[in-house]
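Subject: Structure for you to look through

Hello,

Here is the structure I said I would pass on. Please open it next to this message, and read my notes below with it in view.

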Amino acid sequence: MTVLTISASLGLTSPLWAGGETASNPDAKVYFVNLQDGASVSSPVTVVFGLSGMGVAPAGTEKENTGHHHLFIDRPALGQGEDGVDELSNGIPADENHVHFGGGQTETQVALSPGPHTLQLVLGDLGHVPHSTPIVSDVISITVME
């Protein structure tokens, strides 16, 4: 593979993961405090959001190295799926699969039907757009017991 081919390949993939214009701390991490991949839980599910390397601020707050949480439920990871590219640059939609915590909340309870579900945490900037290097958790799978 030539240097030109490698550069072209990187040029095609990098913008898809670029996020918005707000810079993030490269060491920042967002994670689930109380849930592990493969957990069996009951509904409503308590979800506690963890964040290190950045601070939490309500939507609309313009302060360096801050953002607010979004919970993706039963949808592809950030940047994937039919609306993935749009949410990286235009903002995260608000619907049953994209729950916003623009007040700066750091935990919630979510009513989920029995069965398997996926969850991902995504930090958004003042305008609900992922940072220029998106701060996302791993996608975890949980099972809600009857």
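Arg75 is buried, with a relative accessible area of 10%; buried means under 20% relative accessible area, exposed over 50% and partly exposed in between (1.4 Å probe, protein chains only). Glu87 is buried as well. Asp83, at 25% relative accessibility, counts as partly exposed.

This is a predicted model, in which local features need pLDDT of at least 70 and side-chain atom pairs count only at pLDDT 80 or more, while totals for chains, interfaces and linings use all residues. Residues are numbered from 1 along each chain as its sequence is written, and side-chain values use heavy atoms, with hydrogens and water left out.

Salt bridges

Side chains of opposite charge can pair when their charged atoms come close. A salt bridge here is a side-chain nitrogen of Lys or Arg within 4 Å of a carboxyl oxygen of Asp or Glu. The search of the whole structure finds two of them. In one, Asp83 joins Arg75, and the closest N and O atoms are 3.1 Å apart. In the other, Arg75 meets Glu87, also at 3.1 Å from N to O. This second pair links distant parts of the chain: Arg75 sits in the loop between β5 (66-73) and α2 (84-90), and Glu87 in helix α2, twelve residues apart. Together, Arg75, Asp83 and Glu87 are linked in a network of salt bridges.

The chain overall

Helices (H or I, at least four residues) and strands (E, at least two) are DSSP runs, numbered from the N terminus. The chain has two helices and nine strands, and along the sequence they follow the pattern α-β-β-β-β-β-α-β-β-β-β. Of the 146 residues in the chain, 38% are buried. A contact means heavy atoms within 4.5 Å. Among contacts between residues at least 6 apart in sequence, 70% join residues at least 24 apart.

The sheet

Two strands pair if DSSP finds at least two bridges between them. Three strands form an open sheet in the order β1-β3-β7, with antiparallel pairing. Its edge strands are β1 (29-32) and β7 (107-110), each of which pairs on one side only. β1 and β3 (residues 45-52) are joined by four bridges in the antiparallel sense. Which residue of β3 is the bridge partner of Tyr31? The partner is Gly50.

The cores

A nonpolar core is a set of buried Ala, Val, Leu, Ile, Met, Phe, Trp, Tyr and Cys residues joined through side-chain atoms within 4.5 Å. The largest one has 23 residues, of which Phe32, Leu35, Val45, Val47, Leu71, Leu119 and Ile142 touch the most other members. At least two residues each come from β1, β2 (39-41), β3, β5, β8 (115-124) and β9 (140-144). β3 gives the largest share, four residues. Leaving aside neighbours within four places in sequence, Leu35 is in contact with Val41, Val45, Thr46, Val47, Leu119 and Ile140. Apart from this core lies another, of five residues, among them Phe72, Leu78, Leu88 and Val122.

Confidence

pLDDT is the predictor's confidence in each residue, from 0 to 100. The chain averages 87, and 87% of the residues score at least 70. Over residues 1-17 the pLDDT is below 50, and beyond near neighbours in sequence this stretch has nine contacts in the model. Where pLDDT is low, the predicted coordinates should not be read in detail.

Regards
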